[in-house]
Amino acid sequence: MDFIRVRASADGAETISYWTGDVYGWQDDDGPHHLFGFEGLNVARAVEADGGWQLLTREAALYLDPRTREVLDTWDNPLTGRAVEVQHVLNDPVNQRLGAYPVPVTRLGDQVVYNVDVRLAYPSPLKVADYPDNSASDTYRAMELFQFFVAAKDLDSGAPGVPCAFSWCRVSPWLPWMAMGQRGGGLVYHCRGAKVSEVPRRLSERVGERFLHAPAEWSGPNMTSWTAFAGRAGR
């Protein structure tokens with residue numbers, strides 16, 4: 001499957017993807033506002049299993065001041081006037097099964113582009129009745145829109161893993177730690193990145209050694225910012 005070679009590596013080698021970008025927010029009658037910078041990493045290993053592929057990954061990301069690009073640990077929410085503790089992304093695991101459906105591909109001259117459009121709607125782990133300040137709805141609805149760009153000559157080389165750059169757009173509800181309750185509106189993430197041999201020191205130091213390596217085997221369920229918040233609130 002060529003997409004495995006683009007997204008990770010077909011020989012099981014670990015691959016690191018780094019991204020950087022920004023997060024914007026709007027309310028029904030206000031915005032959009034430039035709320036955060038954002039940078040992160042995903043470390044993946046692809047394993048053949050059950051006639052397809054398992055993509056074993058961990059991911060971590062930091063929310064940044066949109067102007068200085070410094071890491072935020074507290075945030076003065078301009079939409080509510082409240083100061084909140086920032087909860088950065090430390091998701092382990094974030095696993096996927098690939099191979100059941102072809103990934104759409106477009107040839108553009110000497111480039112090949114794969115796009116993965118993920119539309120999500122499932123029961124939220126944060127019920128409004130239990131988390132009135134932190135949950136927008138009892139149903140989590142979001143979109144994750146990816147494009148992966150690879151040189152045709154690299155794809156034609158037959159190498160198990162090939163260089164790629166990617167774009168990522170995410171449309172989602174307010175993050176739980178933003179304490180936006182059921183206000184209308186939401187967030188748009190707009191990021192770009194690439195496979196890299198190493199990540200910026202600030203990021204690697206903040207997220208720790210564990211998030212610089214992919215999981216050794218399949219496990220579940222996947223972690224999200226919503227399940228992480230629920231687990232932290234339940235302690």
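A pocket, found on a 1 Å grid over the protein atoms alone, is an open set of points where a 1.4 Å probe fits, with protein on both sides within 12 Å along at least five of seven lines; lining residues have an atom within 4 Å of a point. Grid points are joined across faces, edges and corners, and volume means the space filled by probe spheres set on the points.

This is a predicted model, so local features need pLDDT of at least 70 and side-chain atom pairs count only at pLDDT 80 or more, while totals for chains, interfaces and linings use all residues. Residues are numbered from 1 along each chain as its sequence is written, and side-chain values use heavy atoms, with hydrogens and water left out.

**View 1. Here's the largest pocket, with about 1300 Å³ of space.** Its lining takes in 46 residues, and Val94, Gln96, Val118, Glu144 and Phe146 sit nearest the centre. The lining splits into 28 nonpolar, twelve polar and six charged residues. Here Ala, Val, Leu, Ile, Met, Phe, Trp, Tyr, Cys and Pro count as nonpolar, Asp, Glu, Lys and Arg as charged, and the others, Gly among them, as polar.

**View 2. Next up is the second largest pocket, at about 290 Å³.** Of the 16 residues lining this pocket, Gln87, His88, Val89, Leu90 and Arg232 lie nearest its centre. Helix H4 gives the most to the lining, with five residues.

**View 3. Now for the largest nonpolar core, a group of 49 residues.** A nonpolar core is a set of buried Ala, Val, Leu, Ile, Met, Phe, Trp, Tyr and Cys residues joined through side-chain atoms within 4.5 Å. Buried means under 20% relative accessible area, exposed over 50%, and partly exposed in between (1.4 Å probe, protein chains only). Phe36, Phe38, Tyr63, Trp75, Tyr114, Trp177 and Met178 touch the most other members. Strand S2 (residues 30-49) gives the most to this core, five residues.

**View 4. Two cis peptide bonds: Asp92 to Pro93, with omega about 5°, and Gly220 to Pro221, with omega near -5°.** Pro93 is in the loop between S6 and S7, and Pro221 is in the loop between H3 and H4. Most peptide bonds are trans.

**View 5. Asp50 has a positive phi, near 55°.** Asp50 sits in the loop between S2 and S3 and is exposed, at 78% relative accessible area.

How values were computed:
Helix = DSSP H or I, 4+ residues; strand = E, 2+ residues; numbered from the N terminus.
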